[in-house]
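Work through the exercises below with the sequence and the 3D view open. Try each task before reading its solution.

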Amino acid sequence: MSRVPEALGRACVLLVLLAHSALAQAIPYQRPVDTAPQANSIGGGYKVPPVQKPLPRDYWLQVVDAVALSAAMGVSVWLVLKRRSRKWLTALTIGSLAYFGFYREGCICPIGSLQNVVVALADPKYSIPMLVTATFVLPLVVALYFGRAFCGGVCALGAIQELVVLKPVQVPRRLDRALGLLKYVYLGLAILFAVKPALTRDFLICRFDPFVGFFRRNGAPHMLILGGGFLVLGMFVGRPYCRYLCPYGGLLAWCTRLARRGVTVTPNKELDCGLCAEACPYGAIEKMRAVRRNCLYCARCYASCPCDGELAHAKAGLVDLPGAAS
Amino acid sequence: MMTGARIGSLIAGSLVVLCVAILLVDYAVANRQPFASRPAAEQKRVTAERLARKSRDNAVGWVLIAAAAAFLTFAKGLVQQPKPRPPAARQSGADALGVPSGPMRSPGRAPELDLTFVDQIVLQFGRGKESAIPLLQAIQTHYRYLPDDALRRLCEQTDITPAEIAGTSSFYGQFRRSPVGEHIVRVCHGTACHVSGARQITEELRRFLAIPDGEDTDAARMFTLDEVACLGCCSLAPVLMVDGHTAGKLTPATACNALKVTA
């Protein structure tokens, strides 16, 4: 019944994404390195030290990154929706943290790419490489079909918080909602600062990225302390940055409204016992049903379900007990 | 195993604190002279000292990350001691409700009963077969169920045979032969409650109180679960009654809260 308008909505969003990426890529990228003084024009046997000429990442490596991103999201969808396996998802989370976080040093991430894309659309002289556009578009496309698969197990910022969740408390629903609006404010501010003219432009999201300092083991001390604070807070409040501040999370939440599938806690298959709602550290299970816009694809609900996931075999064992009256 | 995780998390935690302290001290030492007050050229110069500090901090950073990972792994083991257990293995929910569960009585062996009460009522109601029902009612009111010892004593004191007592006490729904919990939870299984999920409510309560299949009282003898035909307030379905209190419009999530009125 509601399939048709949703499909139309998805098509519209896809069209917009494709159109904007075509627009954003319109200008071929040129490095203005040649305009700088070269060794021969300086003379005197001067050698340009390698540190001043960082080579751009090879094109094929960029393709590898884009493929890795899509593959990780595909695996995340498969592990959560099909296998319902939290164990393997944790493995994927650690892998993503290692690759997108520590190896790629947290750049480029979809959260930050948002600003590059906005600038590319606003400033006719600014161009972005294919990888940035892909990084921005792919998670949104996945969100249109499967929900926030990017957030669970792929996003490096999410992964580092996901792994520190220790003893999460349930944030009161109203407070959770109110704080959740902060990310839209942040999104607005980030866009506002990004569309400013070139010299006054600022990439707020990257400047105040609390975790990138850990990925690089280097950064402004106040940001490192802030990041440490977020991680300590994250031990008790599940993924505070993702839920309350991440501007890209806001975009993903909008896209999930049109999602075809997602994490579901179905009325017939499960017991309705509420163990999943207790296990969800992100308050994404309301009235025993998963809320797609808040669901961060961590599969904890499936792991805690006595009917499903990793506990299912335990239940089967109970049923098989000889002499057990049902 | 418990202590191993605790020691491990302590060691890893202190290593984390140590690393953070080293980094902070390093930062403070390197920036004795305020950054902004230095000449512009010096702010940007990549000196050997600066490179050494960077690689040193990098190494400490890796140790910090590894220590934090170890700390979290150990701490998770500590925090999640009560693993998500399969329903049958869950502890009695009475503890979760904060109800003092008192000394655990083993279901097999009942405590010594004061049987003088049986002698008293036999004097009061008489020794004939016709007083069987009033006698049983009095015993049930006094002990809250019909203990086997009291029934045996009843047979010794009166003309009523064990067979008659067994027949009478099992015929009438008002008599119970097994001990009852302190609070009786009556879950309505009438038509309206049935269609609004009384079955799920009962199952959730059984799971919450860890009542084994085939029994109706939890191990701590706090709650006895009773399925009744109708409580007469179908508009509130699904409904349950705990002692005198009625709770309506329940969901499996809120059913356990309804037991809290007794706490």
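**Exercises on two chains**

Pro238(B) sits in the loop that runs between strand S2 (223-228) and strand S3 (240-242) of chain B; helices (H or I, at least four residues) and strands (E, at least two) are DSSP runs, numbered from the N terminus. The model is predicted, so local features need pLDDT of at least 70 and side-chain atom pairs count only at pLDDT 80 or more, while totals for chains, interfaces and linings use all residues. Residues are numbered from 1 along each chain as its sequence is written, and chains are lettered from A and ligands numbered from 1 in the order in which they are written.

**Exercise 1.** Find the form of the peptide bond from Ala237(B) to Pro238(B) and of the one from Cys107(A) to Ile108(A).

Step 1. The bond from Ala237(B) to Pro238(B) has omega near -10° and is cis.
Step 2. From Cys107(A) to Ile108(A), omega is near 5°, and this bond is cis.
Step 3. Ile108(A) belongs to the loop between helix H4 (86-103) and helix H5 (110-122) of chain A.

**Exercise 2.** State the phi of Glu105(A) and decide whether Glu105(A) is buried, exposed or partly exposed.

Step 1. Phi is near 55° in Glu105(A), a positive value in a residue other than glycine.
Step 2. Glu105(A) is in the loop between H4 and H5 of chain A.
Step 3. A residue is buried if 20 or more other C-beta atoms lie within 10 Å of its own, exposed if 12 or fewer, and partly exposed in between, with C-beta atoms placed from the backbone.
Step 4. Glu105(A) has 14 other C-beta atoms within 10 Å, and is therefore partly exposed.

**Exercise 3.** Describe how helix H5 (residues 116-125) and helix H7 (residues 148-157) of chain B pack.

Step 1. The angle is about 40° and the axes are 10 Å apart; axes are lines fitted to C-alpha atoms, for helices over the stretch in contact, and angles run from 0 to 180 degrees between N-to-C directions.
Step 2. H5(B) and H7(B) are therefore oblique to each other (angles under 35 degrees count as roughly parallel, over 145 as roughly antiparallel, 65 to 115 as roughly perpendicular and the rest as oblique).
Step 3. Val118(B), Asp119(B) and Val122(B) of H5(B) make the contact with Ala150(B), Arg153(B), Leu154(B) and Gln157(B) of H7(B); two residues are in contact if their C-beta atoms, placed from the backbone, lie within 7 Å.
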